[in-house]
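Please take a moment with the sequence and the model before reading on.

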Amino acid sequence: MFPTSPLLRRVALAALAIIVLVPVSAKPAAAQDFFSFLWGGGSRQTVSFPSSYSPRQLIVSFADRKLYWVYSRGEAISYPIAVPKGDARWSGVARISSKRVNPSWTPTPQMRRENPKLPAFVPGGHPRNPLGVRALYIGGTLYRIHGTDAPWTIGTAVSHGCIRMYNDDVLDLYPRVPVGTKVTVTWKRFT
């Protein structure tokens, strides 16, 4: 039934015009903006890489703030990363020891001392889980290559030793890298 009051009739017609004239998308624009912000765009790219590095290994360059998946001699996929800050910086060679889908997160006691507001535990799949949607564990260390709930940190030095990636990028990398893959973490530049 259409309103009889002139004011209500104008409001109803304006609302109907908006519904009819505004294009419908799969998700509301606000939701699209929020999820794009949360997931980050992922800006991986194929790059030339020194042919001295054999295929099927990961090279993490803290100096470039990039992770390289060497997939063929002389070629790699480059992913932007966030790197460790200050005294959390490290380098070395290890292997991927395990992989997790939607990993849970338990902050270290040092992290909780630095930030008492941190929760004691965040379950896997939670939108505020700092490990994001996938994690690749490095050797017997506490360090991981993982997604993030803070995509705005990619390209900066912020972590406590881990290597952060856009969730979209870690989803791309995860199936490419088997357990046992060699990981070289270095301060050498490749760009």
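**From one buried serine to the whole fold**

Ser61 counts as buried because its relative accessibility is 0%, and buried here means under 20%. The model that gives this value is a predicted one. Ser61 lies in strand β2, which covers residues 57–61, and, leaving aside residues up to four places away in sequence, Ser61 touches Lys66, Tyr68, Ile81, Thr186, Lys188, Arg189 and Phe190.

Strand β2 also has a place in the sheet around it. The sheet is open and has nine strands, in the order β1-β4-β3-β2-β11-β6-β7-β8-β10, with mixed pairing. At its edges are β1 (45–48) and β10 (163–164), each of which pairs on one side only. In general, the strands of a sheet pair through backbone hydrogen bonds, either parallel or antiparallel. For β2 and β3 the sense is antiparallel, over five bridges, and Ile59 stands opposite Tyr68 in β3.

Which residues have the most contacts inside the largest nonpolar core? They are Leu58, Leu67, Ile145, Ile163 and Leu173, in a core of 23 residues. At least two residues of this core come from each of β2, β3 (66–72), β4 (75–80), β7 (134–138), α4 (167–173) and β11 (182–186). A second core, separate and made of seven residues, includes Phe49, Tyr68, Val70 and Phe190. Tyr68 and Phe190 are also among the residues that Ser61 touches. Ile163, again leaving aside residues up to four places away in sequence, has contacts that include Val60, Leu67, Trp90, Ile138 and Ile145.

Most residues other than glycine have a negative phi. Arg65, in the loop between β2 and β3, has a positive phi, near 60 degrees, and Arg65 counts as partly exposed because its relative accessibility is 30%. Asn102 lies in the loop between β6 (92–101) and α3 (109–114); its phi is also positive, near 45 degrees, and with a relative accessible area of 34% Asn102 is partly exposed.

Taken as a whole, the protein has four helices and 11 strands, and of its 191 residues 39% count as buried. Among contacts with a separation of 6 or more, 62% are between residues 24 or more positions apart. The protein exposes about 10800 Å², of which carbon and sulfur atoms supply 59%.

How values were computed. Residues numbered from 1 in each chain as written. Predicted model: local features only at pLDDT ≥ 70, side-chain atom pairs only at ≥ 80, totals over all residues. Heavy atoms only, no water. Buried < 20%, exposed > 50% of the residue type's maximum accessible area, 1.4 Å probe, protein only. Contact = heavy atoms within 4.5 Å. Core = buried A, V, L, I, M, F, W, Y, C linked by side-chain atoms within 4.5 Å. Areas by Shrake-Rupley, 256 points an atom, 1.4 Å probe, with all protein chains shown as cover. Pairing = 2+ DSSP bridges.
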